[in-house]
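Thanks for coming. I have a few minutes on one structure, and I will go through some local features in turn.

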Amino acid sequence: MCSLALFPPPPPPGDITLYEFNNALVTGRTYEKLPLTFQGQLEDLPSLTIPKETLKAHSRLEHSTKPAFIHHRESLWKRCISAWRNIGVAGVLEELANAEEEDDMDQGMNEPSWANYVKELALRWMKTGSKCTLALCCWLSSLHGSFFPHLSLSSEDMIAEFSQAVDWAGCSIRAFAWHPHTGKFAVALLDDSIRVYNTNSATVPVLKHRLQRNVASMAWKPLCASILAVACHSCVLIWHLDPTSLSTRFAVTKDRPRSHYIWPTGSGTYRPSSGCAQVLSHPGHSPITSLAWAPSGGLLLSASPMDTAMLVWDVSTENCIQLQWFGGGGVTYLAWSPDSSKVLAATPSAVFRVWEVQMWTCEKWPTIKGPCRTGCWSPDGSRLLFTVQGESVIYSLSFLEYSGEQQGQVGGSKTASIVADLSETTFETLYGDERIGGEVHSMVWDPSGERLAVVIKGNSDVPNSRTIIAVFRTRNSPVFELLPCGFIQGDDGAQPQLVAFHPCFKKGALLTVCWSTGKISHIPFFFVMAQFPSFICGQSPLVPLSSRSSTREQPLFSEL
């Protein structure tokens with residue numbers, strides 16, 4: 001089993017991680033750039049800094065427009081009809097329970113006394129019945145909440161609890177998504193706006209919509225250049241961005257009149273109209289915390305901790321199918337395997353499921369301490385790595401590929417094996433002792449299957465404990481292996497929030513890190529097996545690695 005004790009010491013204070021070379025992470029100062037040999041092999045990726053001070057978070061919105069109008073007296077039945085349309089049965093019961101007998105009786109003064117008496121008696125019975133029904137519902141809700149504590153959280157707190165971002169509520173960057181085929185990525189910000197950056201264009205679309213609130217996740221549609229799915233508080237927004245407009249700055253034509261766009265939002269930016277967004281919503285399916293496209297791009301999955309059903313969307317028809325199960329209390333995180341055969345679905349309780357997509361059947365794995373926090377698939381879909389809240393280890397599940405009559409089975413191993421121990425470890429350095437380790441908040445596996453980046457959340461109650469990124473060298477065949485690579489460090493005071501690998505970086509792996517300061521940095525890993533970069537025989541190393549990083553060989557984890 002691999003552990004943090006086998007890792008080289010963390011970088012010294014003031015240094016940041018620049019790149020990987022010869023299986024070791026190279027560090028340097030913030031102002032240092034990559035060597036010229038490397039610079040020519042990287043795309044012109046934008047290095048951004050979006051401070052929190054430049055963004056303004058939206059205030060909480062009312063659920064209706066009723067407070068904006070002057071109050072006037074309406075009959076009880078009209079109020080009940082309005083409550084039914086806006087809220088549902090609960091709204092009708094609350095309206096009846098709070099009905100004022102005098103006001104409602106005043107509207108029937110011209111009717112005979114016996115009619116008023118019948119109305120008053122009926123109103124009292126409805127008030128009593130509504131109050132008893134509401135009290136019973138509250139009791140059942142509290143009973144249900146004792147089994148699923150997350151149901152007592154507010155929507156914002158629930159998103160922050162299950163988001164892949166370390167500090168979703170307080171950081172300027174809330175979600176990040178690379179496009180699966182091009183050098184383009186989307187960044188969701190604290191002010192509920194989304195910016196799309198492209199290496200081939202200096203123009204930055206800024207996406208805004210009245211329903212785009214509390215963005216928790218984003219996902220680009222595979223095999224498509226311009227469709228972005230956004231997980232919002234009450235719905236899923238499907239943005240359709242014209243790919244030709246990225247180079248033409250949305251030229252005004254007969255087919256695309258000027259009124260279709262909002263001009264301008266700033267230097268080098270434009271704001272597509274809200275008409276470019278498709279709205280997908282379903283009753284009871286909010287807030288939405290995770291999205292996952294099928295690798296073929298045909299289906300979209302959405303998940304909410306408040307809904308026990310996972311929704312399978314056909315975006316073209318805006319129809320969905322509910323994959324319902326009993327138990328779990330909702331769905332918090334989704335991950336579709338790269339081979340399109342399986343889907344990981346985590347829940348707020350101590351159980352998670354893996355679905356196979358031919359017959360849409362699932363297998364259940366219970367955990368001991370808490371819910372599944374995060375997970376990622378190997379490139380061939382044969383292995384799932386996942387972590388559990390409250391534990392500082394990484395688990396592995398292997399899956400078999402069935403054929404013939406056994407098709408339609410998940411094929412997972414009966415028990416999960418521990419492949420890495422990330423318990424707190426003290427490193428003795430020249431600058432003092434440093435404690436690293438704890439629970440895993442998120443992790444990503446690069447498309448080549450060579451690198452695994454793990455965000456380890458530090459313990460705020462322990463001095464000198466911080467959130468840090470640990471990088472492993474991995475191999476999935478012929479046997480699964482883990483080998484320590486090193487720790488990634490940012491600027492002083494910067495804590496990692498989100499991590500994502502570039503899906504089509506051909507020179508090794510490229511890790512994008514979103515920091516608490518609002519900075520987005522790109523760290524390349526150059527592999528020997530990837531045959532990039534190619535060096536001239538006898539050429540001296542570009543950086544004295546012995547002075548900046550450790551290349552000592554460590555024992556690795558193996559299934560054999």
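**Loops, rings and spaces**

I start in the loop between β9 and β10 (227-231), which is where L223 is placed. Before going on, note that this is a predicted model. The phi of L223 is near 60°, a positive value in a residue other than glycine. Most residues other than glycine have a negative phi. Is L223 buried or exposed? L223 has a relative accessible area of 65%, so it counts as exposed.

N23 is another case. Its phi is near 65°, again positive in a residue other than glycine. N23 sits in the loop between β2 (16-21) and β3 (24-28). At 31% relative accessibility, N23 is partly exposed, because that value falls between the 20% and 50% cut-offs.

Next, the peptide bonds. Most peptide bonds are trans. Where are cis bonds found here? One joins S286 and P287, with omega about -5°. P287 is in the loop between β14 (277-280) and β15. A cis peptide bond also joins S477 and P478, and there omega is about 0°. P478 belongs to the loop between β31 (468-475) and β32 (481-488).

One more loop residue, S201. It lies between β7 (194-198) and β8 (204-207). With a relative accessible area of 16%, S201 is buried, because the cut-off for that is under 20%. What does the side chain of S201 reach? It reaches the backbone nitrogen of T203, at 3.1 Å.

Now the aromatic rings. A search of the whole structure gives 15 aromatic pairs. One of them is W178 with F185, an edge-to-face pair with 5.1 Å from centre to centre and 70° between the planes. W178 and F185 are both buried.

A second pair is F501 with F525. How do these two rings sit relative to each other? Their centres are 6.3 Å apart and their planes are at 55°, so the pair is tilted. This pair links distant parts of the chain: F501 is in strand β33 (residues 496-501) and F525 is in strand β35 (residues 519-525), 24 residues apart. F501 and F525 are both buried.

There is also a cluster. Ring pairs connect F352, W365, W377, F386, Y395 and F399.

Two charged side chains sit over rings. R174 lies over the face of W168, at 3.7 Å from the ring centre. K507 lies over the face of F505, at 5.9 Å from the ring centre.

That brings me to the open space. The largest pocket has a volume of about 1,400 Å³. Its lining has 47 residues, and W178, Y333, W336, V444 and F501 are the ones that lie nearest its centre. Two of those names have come up already: W178 from the edge-to-face pair, and F501 from the tilted pair.

Which strands supply the lining? β5 (173-178), β9 (217-220), β15 (290-293), β19 (333-336), β23 (372-377), β29 (439-445) and β33 each give at least two residues to the lining of the largest pocket. β5 gives the most, with five residues. What is the lining of the largest pocket made of, by class? It has 34 nonpolar, eleven polar and two charged residues.

How many cavities of 30 Å³ or more does a search of the whole structure find? The search finds one. The largest cavity has a volume of about 50 Å³. Its lining consists of E161, F162, T332, Y333, P371, C372, R373 and Q389. Two elements give two or more residues to that lining, α6 (155-162) and β23. By class, the lining of the largest cavity has four nonpolar, two polar and two charged residues.

Terms used
Residues are numbered from 1 along each chain as its sequence is written. This is a predicted model: local features need pLDDT of at least 70, side-chain atom pairs count only at pLDDT 80 or more; totals for chains, interfaces and linings use all residues. Side-chain values use heavy atoms; hydrogens and water are left out. Rings of Phe, Tyr and Trp (its six-membered ring) pair if their centres lie within 6.5 Å; planes under 30 degrees apart count as stacked, over 60 as edge-to-face and the rest as tilted. Buried means under 20% relative accessible area, exposed over 50%, partly exposed in between (1.4 Å probe, protein chains only). Helices (H or I, at least four residues) and strands (E, at least two) are DSSP runs, numbered from the N terminus. A charge sits over a ring if NZ of Lys or CZ of Arg is within 6 Å of the ring centre and within 35 degrees of the ring normal. On a 1 Å grid over the protein atoms alone, a cavity is a set of points where a 1.4 Å probe fits but cannot get out, and a pocket is an open set with protein on both sides within 12 Å along at least five of seven lines; lining residues have an atom within 4 Å of a point. Grid points are joined across faces, edges and corners, and a volume is the space filled by probe spheres set on the points. Ala, Val, Leu, Ile, Met, Phe, Trp, Tyr, Cys and Pro count as nonpolar, Asp, Glu, Lys and Arg as charged, and the others, Gly among them, as polar. A polar contact is a pair of N or O atoms within 3.5 Å; within protein, one must be able to donate a hydrogen and the other to accept it, and residues adjacent in sequence count only if both atoms are side-chain atoms.
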